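Please read this note with the structure open beside you, and check each point against the view on your screen.

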Amino acid sequence: MKDFTKELSFKTSRSSGAGGQNVNKVETSVTVLWNVQESGFFNEFQKNLIQEKLKNRINAEGFLFLTVSESRTQLANKNKATDKILDIVNKALVIPKKRLATKPSKAQKQKRLDTKKKLSDKKENRKFKY
């Protein structure tokens with residue numbers, strides 16, 4: 001897990017929602033910004049992978065941004081935003097393994113056919129025979 005917190009920049013704003021007078025005067029909401037292409041922590045392949053997987057979160061200027069306003073304090077929101085953006089980027093860097101197609105074994109095929117035969121016999125025995 002790469003820690004690129006030195007490249008992050010933060011903006012604060014007033015949180016929305018309930019909170020009384022505190023909401024109207026204290027900037028507790030934190031927006032974290034990170035320029036993907038200017039990063040020195042990742043190589044070009046990793047940057048392209050991040051941009052491809054997180055293209056809906058990256059704006060036109062190439063900044064990945066995330067806003068957090070869960071807590072009542074700016075510091076807690078800043079820590080949560082940092083943790084979330086690190087988690088999002090590190091998950092984007094994971095390359096899933098390719099699925100190998102396999103065929104069912106002879107025993108599995110036989111078991112399936114036996115089950116079908118048993119069900120067929122059960123339903124056949126329910127019928128009234130003349």
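Predicted model: local features only at pLDDT ≥ 70, side-chain atom pairs only at ≥ 80, totals over all residues.

1. By the rule used here, the count comes to one aromatic pair, where rings of Phe, Tyr and Trp (its six-membered ring) pair if their centres lie within 6.5 Å, with planes under 30 degrees apart counted as stacked, over 60 as edge-to-face and the rest as tilted. The pair is edge-to-face because the rings of Trp34 and Phe42 have their centres 5.7 Å apart and their planes at 70°. Both Trp34 and Phe42 are buried, a word that means under 20% relative accessible area, while exposed means over 50% and partly exposed lies in between (1.4 Å probe, protein chains only).

2. Residues are numbered from 1 along each chain as its sequence is written, and side-chain values use heavy atoms, with hydrogens and water left out.

3. Three strands form an open sheet in the order β1-β2-β3, with antiparallel pairing; strands (E, at least two residues) and helices (H or I, at least four) are DSSP runs numbered from the N terminus, and two strands pair if DSSP finds at least two bridges between them. The edge strands are β1 (9-13) and β3, each of which pairs on one side only. Five bridges join β1 to β2, and six join β2 to β3. Thr12 stands opposite Val30 in β2, Val30 in turn stands opposite Val68 in β3, and the bridge partner of Trp34 in β3 is Leu64.

4. How many of the residues of β2 are buried? The figure is seven of its seven residues. Ser29, Thr31, Leu33 and Asn35 point one way from β2, while Val30, Val32 and Trp34 point the other way. In a regular strand the side chains alternate between the two faces of the sheet.

5. In soluble globular proteins, nonpolar side chains tend to be buried together.

6. Val89 lies in helix α3 (residues 74-92), and Val89 counts as buried because its relative accessibility is 0%. Not counting residues up to four places away in sequence, Val89 touches Phe4, Trp34, Phe42, Ile50, Leu54 and Leu64, where contact means heavy atoms within 4.5 Å. Val89 and Leu49 are 40 residues apart in sequence and 9.8 Å apart in space, C-alpha to C-alpha.

7. One further ring deserves a look: the charged end of Lys78 sits over the ring of Phe10, 4.7 Å from its centre, the rule being that NZ of Lys or CZ of Arg is within 6 Å of the ring centre and within 35 degrees of the ring normal.
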